[in-house]
Amino acid sequence: MNNWRVDGKGRINRDKRVRFTFDGVSYQGYEGDTVASALLANGVHLMGRSFKYHRPRGPVTAGSEEPNALIGTSRSGAGRFEPNTRATVQELYEGLTTVSQNKWPSLNFDVGAVNDKLHKLFAAGFYYKTFMWPKSFWDKVYEPVIRASAGLGVSPTEPDADTYASRYLHTELLIVGAGPSGLAAALTAARNGTDVVFVDENRELGGSLLSEAPSAIDGKSTESWLAETIAELEACDNVRIMTRATAIGYYHENMVGVAEKLTDHMENPPVNAPRERMWRIRAQEVILAQGALERPLVFDGNDRPGVMMAGAAQTYLNRYGVKVGNAAVVVTSHDSAWYAAFDLADAGVKISAIVDVRTTVNDYLNSEAQKRGISAKVGHSVTSVSGTKRVSGVKIGRISGEQYVTDIISIPCDTVLMSGGWTPSLHLFSHTKGSLHWDEENEVFLPGERTERCHIAGGGRGLWSQQAAFDDGVHAAQQALTSLGQNAPGLSVDVDGDRAGSGIVMEELPSNDDKLARRAFVDFQNDVTAKDIRLAVREGMLSIEHVKRFTTNGMATDQGKMSNMNGLKIAANELGRPTPKVGLTTFRPPYTPTTFGTFAGYHKDELFEVTRKTNIDNWAEENGAVFEPVSLWRRAWYYPKAGEDMHTAVARECRETRASVGMFDASTLGKIEVVGPDAAEFMNRMYTNPWTKLASGRCRYGLLLGEDGFIRDDGVIGRISEDRFHVTTTTGGAARVLTMMEHFLQTEWPDLDVWLTSTTEQWSTIALNGPNARKVLEPFVKGTDLSAEAFPHMALRECTVGGFEARLFRVSFTGELGFEVNVPSEHGRALWEMLYQEGKKHDMCVYGTETMHVLRAEKGFIIVGQDTDGTVTPADAGLTWAIGKKKPDFVGKRSLTRPDMLLPNRKQLVGLLTEDPSVVLEEGAQIVEAGDTAIPAKMLGHVTSSYWSEALGRSIAMALIEGGFERNGTSIDIPMPGQTHRATVSGTVFYDPDGDRIKM
Amino acid sequence: MLLIHCPYCKEKLPELEFEYAGQAHIARPDNPAEQTDAEWRDYLFIRSNVRGDHAEQWRHSHGCGRYFNALRNTVSDKFIATYEIGQACPTSHAEGEENNEQLES
Ligand SMILES: [Zn+2]
């Protein structure tokens, strides 16, 4: 079956055969193959369909820059399917299952390929133009049809079953890339004893040496030299080598992110082994030895399966022992493709012609071609490619003037090898905001000013020969080591049979064919053609950043590795401006597509985010509570009894609390201890309320504003003693409030003698509310008298409750007689259970956050963040009573008299009573003038809180409405789908407006 | 990820331990009540938004918890200096110039 294997070539293990499937067909490859090399060895070039036009595509590269050969891979077991895997990177293992993408019903016959016939509809900017009109096409055509047929791969439907790891690493020198320059740098540093981390994205070190071996290095075969060098590096304690490890991003201060693949190449990964590991490597010096990427040439049909980079064909031959075809035409503007042709010819591939667009090439190349009987067509161009699912031939002609060709002939072939020269791989350098400068002579961008301690070596600096790369690697290492204060001796690596080369940079190749009909691709992955880029320029896109967004050139997952320079060149030509003036788009991490799992690392499932639980939480769980998340806390939402749904459970909890007594876990309330001689002064400055005269043993509602005058937080604050306050905050606001307090204390008032301590988790807080609350609590309280006279509303005592030291507050968030008991948090559940037993004598219920919300809303108590939204002043919320009128200043006070804060039509918090008492409005619903049916209607405000009130036997709501206070008693409308509700504006206190019930 | 020198801990530590806290050297007026609306607006909202060296407050929130001042270049993102609250802003190397302390030291 492996007709395309070449004996004696490649680094695959021919003793280990590996079976895998592609689209359900079983194939055989060898250990050391990629999916792409193994499929090519089986004669399969067609590996997928393209993104927009569904054109048949095969691999165009042999590496991580691959734009075309994207496949779905799966391992057995749910959650192990991955789309858009590059077939050129995925290593083969026994049993690997792969599928092609973007095709229906099959790769060979794809209905979506009709898009290709309609390509004029999908011209540049079609995203912005085509989808605009007619409107009815939006949901009938564009969404279901075009969206479904465009796109890359299919998202997995199962949760990812794999685990991912992450590690930090510190080193003196990080070397990225293990080709000649990286190896030379590593050897230099390793022999010097420097601490080195050496990473490469491939399974083995060697880089270009694996694809194109010089005849000898230091007098040895390349294979032996490489083996000895790797052995030497591996034996060094000061060198850590990582393969299958891609440097994906270069971050500040020499931190490089390296994504290491651990198990994707294994038939049987170790149980529980992470699939990938993200390394965050902080290096004192970094050497980027990432080489260069070969550029495609742009001509009609350059995307047909069988057309690939000349260097890729050379890699498939020399690294994998695969010939990519039997008869190849080479088309190039660079010497390197000639060498690729010679390698293939020597391995028995018929090279039908070398078509070089340059007017002359050197004598050596010509004579080597002649020696092999290869027809060299210098000064020629390929004008078109025939064949759809596989190349069947090309038309070539002599270049005559800039645009035209003459003497056109057809050459049959099954493979076209192209090379438009090489682009230095400077993506990581660009991540550092290092500048690039344009080398006019060689028409490449080269590294300029650097912002980090990094050094570029080899191909990245436009050095194409392997000897130059070795030398430059040594040089870079010496520079880096000098920066480290180490003086390393140099070393030399001598290459025999080096193949230095040069070339020119082309835009679209000359052709006589209709410019608009040509399908000459610039970006294979996003299906952008040369025509699209010229169209973008004609439509007014002047900068490459605009051209990129208009055409999507370079915006695919390969980030334009192959397309940016060609796109730039074509745009510059069309604009008639020098290439560097048109600019280069920004490279951003990651260098290659990286799984979300690698970024997430350990932060998944229960480790995604902490779940904070109170000491009483497990009691709630044992007793059937339904939970809801409140910031990071999980809180008991309601406690359904058998047969109860949420509505009936909450109604019962409300009823029983108001009738007798209810118990509530309020431990999540934020708590801050404010202590010190200046504690009262600090509180005066922070909160709107006056604190100086608050006696020890008393508490007060506190309101906190931002300096802009808007409500930030609130809570009951108790004065424990002259110099000590027990501050409570909203559950979600605790950290924010403490931070705000610290900010003022440290930066504005460092003279105040005050300490702030978060005590949220030091206390369990149990709230008892209802007419019988005292009866339940009293038996457990020692050291204080709970009677209404001795312990009035808004009093607090330090005492013992149930034998535990306690801070006992008499406060109410329900309008009923209420107590909040704070005991050291570890005793919360014990006290809860004592009170629960005692409560049985009084038909006590336990209630959750929903009932708490209803009961507070019946009393018009606000929830900051629900009834306020960061634009609400105390006056808007009807809380002017909480402002200390005589205080000269507090945070936010000055803002309360800014002109906008005094406007009469501000949104103000009011109550709403629906005309139909059974209608419970939706929170967030918009409010309009009664009878306003205009479209669009003027929005007056929105519903902030809305509940069924069991106590009132009807619905209640609160809302922020423009000029709300003035509207008291008038009607407004709440338009909802299908029906408009009418409601009357009211006050916000719906229940017990005189507050008699707390006085018990 | 930046490395930030905490002037209180006297250690260079990862950015993850710190949080940004706004422009530095904007003192709260002693007597807000005496501020005109325009003055108070400026204090509340008007910030420099500089392209270049920017004095700002940071907090070592996952360390000592202290607020401190920093001079940072908004183009390179890099810290030029950090200093204690209450200390004067050190002059930047050159007005408007992008500083790359890393390479100079
Ligand atoms: Zn610190």
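Which hand does the crossing of H13(A) and H15(A) have? The crossing of these two helices is right-handed. The legends below refer to a predicted model.

**View 1. Helix H15 of chain A and its surroundings.**
Helix H15 of chain A covers residues 564-575. Its twelve residues should span 16 Å at 1.5 Å a residue, and the C-alpha atoms at its ends are 16 Å apart, which agrees. The buried residues of H15(A) are Asn564(A), Met565(A), Asn566(A), Gly567(A), Leu568(A), Lys569(A), Ile570(A) and Ala571(A). Among the elements of chain A that cover these buried residues are two strands, S24 (422-424) and S29 (521-523). Helices H13 (530-538), H14 (544-551) and H16 (579-582) of chain A also take part in the cover. After H15(A) comes Gly576(A), with a positive phi near 65°.

**View 2. Helix H13 against helix H15 in chain A.**
Two packed helices are described by the angle between their axes and the distance between the axes. For H13(A) and H15(A) the angle is about 45°, and the axes are 9 Å apart. That angle makes H13(A) oblique to H15(A). From H13(A), the contact is made by Ala530(A), Ile533(A), Arg534(A) and Val537(A). From H15(A), Gly567(A), Ile570(A), Ala571(A), Glu574(A) and Leu575(A) take part. Sorted by class, this contact has six nonpolar, one polar and two charged residues.

**View 3. Helix H13 against helix H14 in chain A.**
H13(A) and H14(A) pack with their axes 9 Å apart, at an angle of about 120°. The two helices are therefore oblique to each other. The crossing of H13(A) and H14(A) is right-handed. H13(A) contributes Asp532(A), Ile533(A), Ala536(A) and Val537(A) to the contact, and H14(A) contributes Val547(A), Phe550(A) and Thr551(A). By class there are five nonpolar, one polar and one charged residues in the contact of H13(A) with H14(A). Ile533(A) and Val537(A) take part here, and they also take part in the contact with H15(A).

Chain B has two helices and six strands, which follow the pattern β-β-β-α-β-β-β-α along the sequence. Of its 105 residues, 25% count as buried. Among contacts in chain B with a separation of 6 or more, 47% join residues 24 or more positions apart. Cys6(B) lies in strand S1 (residues 3-6) of chain B. Cys6(B) counts as buried because 20 C-beta neighbours lie inside 10 Å. Leaving aside neighbours within four places in sequence, Cys6(B) is in contact with Glu11(B), Leu13(B), His60(B), Gly63(B), Cys64(B), Phe68(B) and Thr82(B). Trp40(B) is 34 residues from Cys6(B) along the chain, and the C-alpha atoms of the two are separated by 31 Å.

**View 4. The contact between chain A and chain B.**
The contact takes 23 residues from chain A and 20 residues from chain B. On the side of chain A that touches chain B, the largest share comes from helix H21 (residues 734-747) of chain A, with four residues. By class, that side of chain A has twelve charged, six polar and five nonpolar residues.

Notes: Residues numbered from 1 in each chain as written. Chains lettered and ligands numbered in written order. Predicted model: local features only at pLDDT ≥ 70, side-chain atom pairs only at ≥ 80, totals over all residues. Contact = placed C-beta atoms within 7 Å. Nonpolar A, V, L, I, M, F, W, Y, C, P; charged D, E, K, R; others polar. Expected span 1.5 Å × (residues − 1). Buried ≥ 20, exposed ≤ 12 C-beta atoms within 10 Å, placed from the backbone. Axes fitted to C-alpha atoms, helices over the stretch in contact; angles between N-to-C directions. Parallel < 35°, antiparallel > 145°, perpendicular 65-115°, else oblique. Left-handed = near helix turned anticlockwise from the far one by under 90°.
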